[in-house]
Amino acid sequence: MPWKNQGGGPWGSGPKGPWGSGPQPVGPRPPDLEDLLRRAQDRLQQLLPGGYFSGLGIAIVIFAAVAIWAMSGFFRVQPDELGVVLRFGKYVRDEQPGLRYHLPYPIETVLLPKALRISTISIGMTLIDDPARRGRTMRDVPEESLMLTGDENIVDVDFTVLWRIKPKGAADFLFNIQNPEGTVKAVAESAMREVVGKSNIQPILTGARTSTEQSVQELMQRTLDHYGSGIQIAQVQMQKVDPPAQVIDSFRDVQAARADLERLQNEAQTYANRVVPDARGRAAQIVQIAEGYKQQAVAEAKGQSARFLKVYEEYKKAPDVTRQRIYLETMERILGSSDKLVYDGGSSAQSIVPYLPLSELTTRRPNPPATNQPQQGSAGGGR
């Protein structure tokens, strides 16, 4: 007999051991599970007159089971989800966010993909844990980002793809592709390599980023539609486009040299645009002056020729008169603009000054007559 069942012994009465009294319960005792089950059965028997296996009891149990099974068809669609209802595994309909209902399992089931959420995939870069900074940092993935351009240059391209499920493509998204993120990433990398491979490096690095992003987005959408993936590409964003790190310094030197070349070409073109029109204007001016001189010389020659012919006609009619006229006209033309002195050195010049200043007489203006002055000559003559 165990020690606790013995009424007495060498250590006295009660449940004692060789080292004193046994463990004593502290606080309220926990409920007995068998006691609770027995009480529940008693209450159920009171509710079901006639026992468990009576007709009414079986009906109530079946009704309760059917009600619970029917109520299991209620489900909730979250704001960023779309409910895809399947009937015996076949797609039936879509359900929008909110509290919805479908026929209970196994007749209908529901899948809840994140159809209204914009997902992001990065190519050429990945986030890793950085214990030094106590956070996450971005790391390049060269096997994804290094690409070959159309002019046989290597370029390092990091870009991000924003995608979502099409409004009417949830069923295609669930049943046509097995790994959506991997599929989108593979298609994005392939499309970017194709577009970059058809372009030169200079436009990609400078002003053709927008057109490159648009081309990659269109090519990705066509490919995914061909797969029947039910995915819509919202946007493609190029984060970084640089030459490889090993040659970036040399590449920058080449870019600086090209910039200097373009600058010098622009300056030369500006100088040519300024000098060439000026030279052309001067050449046109000289040509016009020469043309005017030509016309003037030809006209004067024709006039002189016509004058000579006229004079010759008159000369034939009266040679002496014409000769005298030509002589006088010639002397007038010669002496008209020269200073003239007349000197008479004959015998009749003894009583007068033998000098006649014709040029001064022609230029000196005569004085007006003095009408108000008295005539002294007549007064002296009377004296």
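**Reading strands and surface**

Biologist: Which residue in strand 7 stands opposite Val-84?

Modeller: Leu-111 in strand 7 stands opposite Val-84. This is a predicted model: local features need pLDDT of at least 70, side-chain atom pairs count only at pLDDT 80 or more, and totals for chains, interfaces and linings use all residues. Residues are numbered from 1 along each chain as its sequence is written, and side-chain values use heavy atoms, with hydrogens and water left out.

Biologist: What counts as a strand, and what as a pair?

Modeller: Strands (E, at least two residues) and helices (H or I, at least four) are DSSP runs, numbered from the N terminus. Two strands pair if DSSP finds at least two bridges between them. Strands of a sheet pair through backbone hydrogen bonds, either parallel or antiparallel. Here, strand 4 (residues 83–87) and strand 7 run antiparallel, joined by 4 bridges. The protein chain has 15 strands and 11 helices.

Biologist: In what order do the strands of the open sheet lie?

Modeller: The order is 5-4-7, 3 strands with antiparallel pairing. Strand 5 (90–95) and strand 7 (108–111) each have a single partner strand, so one side of each lacks a neighbour in the sheet. The twist averages 30° from one strand to the next. Such angles run from 0 to 180 degrees between N-to-C directions, with axes fitted as lines to C-alpha atoms.

Biologist: Which side chains of strand 3 are buried?

Modeller: Take the cut-offs: buried is under 20% relative accessible area, exposed over 50%, partly exposed in between (1.4 Å probe, protein chains only). In strand 3 (residues 74–77), Phe-75 and Val-77 point to one face and are buried. Arg-76 stands opposite Leu-99 in strand 6. Across the chain, buried residues make up 22% of the 383 residues.

Biologist: Which residues form the nonpolar patch on the surface?

Modeller: Patch residues have over 30% relative accessible area and no salt bridge; nonpolar side chains (Val, Leu, Ile, Met, Phe, Trp, Tyr) are joined within 5 Å, like charges within 9 Å. A salt bridge is a Lys or Arg side-chain nitrogen within 4 Å of an Asp or Glu carboxyl oxygen. Here the members are Met-71, Phe-74, Leu-99, Tyr-101 and Leu-103, with about 510 Å² of accessible area together. Areas come from the Shrake-Rupley method with a 1.4 Å probe; for residues, only the protein chains shown count as cover.

Biologist: Where is Leu-103 found?

Modeller: Leu-103 lies in the loop between strand 6 (98–101) and strand 7. Its relative accessible area is 36%, so Leu-103 is partly exposed.
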